[in-house]
Amino acid sequence: MQFKKLIWPIIHKWRKLIYPIRMKQYEQKIYNNYSLKGINSLERRLVCMEDSNFSHGGLVDRMKGIISGYFLAEKYRLSFSVYFSDANDPMIPYLNPKVVDIITEESKVNFNKDNSRPVVWYNHFPNNPALMKQRILSKREIHLYCNMNLLQVFSDSEIAMKQAWSEAFSQIFLMHEQPIGNTMGIHLRFIGLLGDFKDLRNYDLDHEHKIGMIEWCENKILEIGMKNPEYLLKIVSDSSSFLAELLTKEKFASLRHRLQVDSSNIGHTALNINDTVFKKTVDDFIGLRSCEKVIQLRYGKMHRSDFSRYAAISGLKEYELIEYNVD
């Protein structure tokens with residue numbers, strides 16, 4: 001364990017150096033498939049790409065890319081489009097067609113090498129506004145592959161970034177807050193640690209660690225509930241078994257009438273493209289966004305997910321991370 005603590009900073013630094021090179025190579029690979037034919041368009045345009053060249057991630061990663069593209073297009077006075085190679089993509093009904101030009105035909109995207117270029121900012125982007133501007137204006141049409149929040153590069157403060165994000169979210173997405181009264185959201189992202197969920201990462205835990213994690217999470221929910229008796233508690237998680245047990249365990253009997261729990265149709269939208277799973281994920285996001293405060297609980301190897309944080313940011317609500325680190 002001590003060796004891991006010593007070697008990890010070196011590995012992390014090396015990954016930060018090598019990742020931009022890998023993304024540049026991937027960008028060139030995409031560009032090599034362009035031709036000298038294509039649309040002869042006079043307008044400057046930024047197209048957020050939702051095609052098969054990348055696994056674009058889950059709901060929030062896709063939101064980051066679309067909102068970042070919209071923000072850059074507005075900033076540099078470009079037309080803005082989102083291209084879906086799958087005309088049945090479940091994200092499409094949640095986009096505002098009055099703001100977003102939605103493209104589902106490949107022929108309407110310019111793949112001409114002379115005036116178009118892919119820009120890949122996937123898990124990495126230049127933290128430099130001038131360099132970012134240079135890339136975005138390098139060709140008449142830019143095809144952006146992005147899963148990052150680029151607004152932070154142009155914001156003077158965290159507060160300014162959140163405000164800009166919330167405004168862009170409200171413009172782009174048809175995901176309106178729901179009036180649910182005095183409700184506090186609690187989010188837990190187990191990433192397969194309980195064995196009931198297929199995720200991008202899965203870890204094997206020994207029984208003692210698993211029991212300790214479950215008890216800590218349950219006790220935190222009880223503690224939050226007792227400290228905030230005026231609130232209903234909306235519990236969102238990627239573990240259906242954990243959610244189901246909240247409604248059956250005796251320790252939650254006094255709190256049960258205040259719990260809002262839905263353990264159905266849980267999945268990761270990057271792995272499961274089922275419309276029902278996607279809708280449930282959106283409903284969970286909107287539900288957390290509608291809460292007065294959002295709390296994320298994290299124990300040990302549980303994921304520090306952006307799902308609840310960005311739900312709070314999109315609604316300009318208070319967000320808190322409560323975590324317990326285990327060696």
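Helix α3 (residues 129-136) lies across β1 (45-50), β4 and β5. Its direction runs at about 145° to β4. Contact here means heavy atoms within 4.5 Å. Axes are lines fitted to C-alpha atoms, for helices over the stretch in contact, and angles run from 0 to 180 degrees between N-to-C directions. Helices (H or I, at least four residues) and strands (E, at least two) are DSSP runs, numbered from the N terminus.

This is a predicted model, in which local features need pLDDT of at least 70 and side-chain atom pairs count only at pLDDT 80 or more, while totals for chains, interfaces and linings use all residues. Residues are numbered from 1 along each chain as its sequence is written, and side-chain values use heavy atoms, with hydrogens and water left out.

Five strands form an open sheet in the order β3-β2-β1-β5-β4. The pairing is parallel. Two strands pair if DSSP finds at least two bridges between them. The edge strands are β3 (101-103) and β4 (116-121), each pairing on one side only. From one strand to the next, the twist averages 25°.

β4 is joined to strand β5 (residues 141-146) by six bridges, and the two run parallel. Val-119 stands opposite Leu-144 in β5.

Leu-46 lies in strand β1. Is Leu-46 buried or exposed? Leu-46 is buried, with a relative accessible area of 0%. Buried means under 20% relative accessible area, exposed over 50%, and partly exposed in between (1.4 Å probe, protein chains only). Leaving aside neighbours within four places in sequence, Leu-46 is in contact with residues including Gly-69, Leu-72, Phe-80, Ile-136, Ile-142 and Leu-144. The C-alpha atoms of Leu-46 and Tyr-70 are separated by 8.2 Å, and these residues are 24 apart along the chain.

Another five strands form an open sheet, in the order β8-β7-β6-β9-β10. The pairing is again parallel. Its edge strands are β8 (259-261) and β10 (318-324), and each pairs on one side only. The twist averages 20° from one strand to the next.

Three bridges join strand β7 (residues 232-237) to β8, and these strands run parallel. Lys-234 stands opposite Gln-260 in β8.

| Helix | Residues | Strands touched | Direction |
|---|---|---|---|
| α6 | 207-227 | β6 (183-188), β7, β9 (293-299), β10 | about 160° with β9 |
| α8 | 275-290 | β6, β7, β9 | about 145° with β7 |

## α5 against α9

Two packed helices are described by the angle between their axes and the distance between the axes. Helix α5 (residues 158-172) and helix α9 (residues 307-314) pack at an angle of about 80°, with axes 8 Å apart. α5 and α9 are therefore roughly perpendicular to each other. The cut-offs are under 35 degrees for roughly parallel, over 145 for roughly antiparallel and 65 to 115 for roughly perpendicular, with the rest oblique.

Which residues in α5 meet α9? They are Glu-158, Met-161, Lys-162, Trp-165, Ser-166 and Phe-169. On the α9 side, the partners are Arg-309, Tyr-310, Ile-313 and Ser-314. By class, this contact of α5 with α9 has five nonpolar, two polar and three charged residues. Ala, Val, Leu, Ile, Met, Phe, Trp, Tyr, Cys and Pro count as nonpolar, Asp, Glu, Lys and Arg as charged, and the others, Gly among them, as polar.

Seven of the eight residues of α9 are buried, so α9 is largely enclosed by the rest of the structure. Among the buried ones are Phe-307, Tyr-310, Ala-311 and Ile-313.

## Two positive phi values

Just after α9, Leu-316 takes a positive phi of about 50°. Leu-316 lies in the loop between α9 and β10. Leu-316 is partly exposed, with a relative accessible area of 44%.

Asn-265 has a positive phi of about 55° although it is not a glycine. Its place is in the loop between β8 and α8. Asn-265 is partly exposed, at a relative accessible area of 41%.

## The whole chain

The chain has nine helices and 10 strands. Its radius of gyration is 21 Å, close to the 20 Å that the globule rule gives for 327 residues, so the chain is as compact as a globular protein of that length. The radius is taken over C-alpha atoms, and the rule is 2.2 Å times the number of residues to the power 0.38. Along its principal axes the C-alpha trace spans about 70 × 50 × 40 Å. Buried residues make up 50% of the 327 residues.
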